[in-house]
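The following exercises concern the structure shown below.

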Amino acid sequence: MVAEATTGRVTRRRVRTRANLLDAAFAVFAAKGFGRVSIEEVCEAAGYSRGAFYSNFASLDELFFALYRQRADLIAEQVSGALALDGPDLDVPAAVDRVTEVLLLDRDWLLVKTDFLVHAARDPDVARTLLEHRARLRGAIAERLARARGHTELPAVLGDIDAAAHAVVAAYDGVTTQLLLDRDVEHARVWLKQLLTALLTDGSDAAV
């Protein structure tokens, strides 16, 4: 019983340490840029030793992917939840409204992600892992569009369901890039709504 209680405390402490390292890394990445941050700086910001870092992550890349997974999962949940409110029919304008209202548009995260994209572009192994994570979001969107097939028609120009999911993510990428420059979150949500409505309908419902 004592051993089990000790193991439970260690596990909880490790979970807390990992979460604190992730929070500290995010703050430091956002302030300084991914490529200009050291493991020592993350440890100092979190109040831990290098040993604590290495007991949770093998590298800054691995730590970033843990951050990315958190946000990719959150975005996938937001999109899936917003789209799941319809029945078999997919009311595209209403679904787009819900998605753009809840979708994560956090400028600090976009700064960190953009820094890491540049890093990944120079490292094929990192790029492959990042592409796998990005596929999770497309998969959530494609799954919902597939369930609506036969009930809701998508514009033929999009091709198949996977191509439509790629188009949706590309629109999100474009809007978030603009958000990095103009810092206007409300305009970003309006613009994203317009783009997604135009993509997923014949355009007749595109007015905002």
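**Exercise 1.** State which residues of helix α8 are buried, and check the length of the helix against its residue count.

*Solution.* Buried means under 20% relative accessible area, with exposed over 50% and partly exposed in between (1.4 Å probe, protein chains only). By this criterion, the buried residues of α8 are I161, A164, A165, A167, V168, V169, A171, Y172, V175, T176, L179 and L180. Helices are DSSP runs of H or I, at least four residues in length, numbered from the N terminus. The expected span is 1.5 Å times one less than the number of residues. Helix α8 (residues 161-182) has 22 residues and should therefore span 32 Å; its end C-alpha atoms are 32 Å apart, in agreement. Just after α8, R183 takes a positive phi of about 60°.

The model is predicted: local features need pLDDT of at least 70, side-chain atom pairs count only at pLDDT 80 or more, and totals for chains, interfaces and linings use all residues. Residues are numbered from 1 along each chain as its sequence is written, and side-chain values use heavy atoms, without hydrogens and water.

**Exercise 2.** Describe the surroundings of R134.

*Solution.* First, locate the residue: R134 lies in helix α7 (residues 124-148). Second, R134 is buried, at a relative accessible area of 17%. Third, apply the contact criterion (heavy atoms within 4.5 Å): neighbours within four places in sequence aside, R134 touches Y68, V169 and D173. Finally, the side chains of R134 and D173 are joined by a polar contact of 2.6 Å.

Terms used:
Helices (H or I, at least four residues) and strands (E, at least two) are DSSP runs, numbered from the N terminus. A polar contact is a pair of N or O atoms within 3.5 Å; within protein, one must be able to donate a hydrogen and the other to accept it, and residues adjacent in sequence count only if both atoms are side-chain atoms.
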